[in-house]
Amino acid sequence: MSAEKTATVHWQGAGKQGTGRISTETGALNGAPYGFASRFGDDRKATNPEEILAAAHAACFAMAFSFACDGAGIKTETVDTTAKVRLAMDGAGFKIDRIALTLNAKVPGLSEEQFQKIAAEAKAGCPLSKALASVPEITLTATLVR
């Protein structure tokens, strides 16, 4: 099985003054605005690449964790994941130098030890984690909710 997904961007204008619009094939994002102010400033009405990457990584990891639990014969009740992506200076440019994943999951019948093992394996096996392997630091804080 394989899947190919598409997103498109239209950028207009130069550098800091330019603006863009992001769309996805599903329409979940349809002309979502982004630009310098939403990436580096205080514009909270538009998105940015790091926020979208954080959402994608959190979603991928949450699914990987739930599927890993299924594989162990245990059903997840709730899985809440947050991803924080940090964009940092790198010489004259920028790089993503850290992603911090936080997992809070309610999984009846799972011991703390099993939970931590499955969470770590899901982090390692998540396709987005694999794709982001060049990020120097990807952390996971996992909490089993009782």
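What share of the 146 residues in the protein is buried?

## Overall make-up

In this predicted model, buried residues account for 32% of the 146 residues. The protein contains four helices and six strands. Read from the N terminus, the elements follow the order β-β-β-α-α-β-β-α-α-β.

Taken along the principal axes, the box filled by the C-alpha atoms is roughly 55 × 35 × 30 Å. Of the contacts between residues at least 6 apart in sequence, 51% link residues at least 24 apart.

## Surface and charge

The accessible surface of the protein amounts to about 9200 Å². Carbon and sulfur atoms supply 54% of that surface.

The protein carries 16 positive and 15 negative charges. The mean position of the positive charges and that of the negative charges lie 2 Å apart.

Strand E1 covers residues 7-12 and strand E2 covers residues 19-24. These two strands run antiparallel and are joined by six bridges. Within this pairing, Val-9 stands opposite Ile-22 of E2. The hairpin of E1 and E2 has six residues between its strands, and Gly-13 there adopts a positive phi near 100°.

E2 also pairs with strand E3, which spans residues 32-35. Four bridges connect E2 and E3, and the two run antiparallel. Here Arg-21 stands opposite Pro-33 in E3.

Terms used. Residues numbered from 1 in each chain as written. Predicted model: local features only at pLDDT ≥ 70, side-chain atom pairs only at ≥ 80, totals over all residues. Heavy atoms only, no water. Buried < 20%, exposed > 50% of the residue type's maximum accessible area, 1.4 Å probe, protein only. Contact = heavy atoms within 4.5 Å. Areas by Shrake-Rupley, 256 points an atom, 1.4 Å probe, with all protein chains shown as cover. Lys, Arg positive; Asp, Glu negative; His and termini not counted. Charge placed at Lys NZ, Arg CZ, Asp CG, Glu CD. Pairing = 2+ DSSP bridges.
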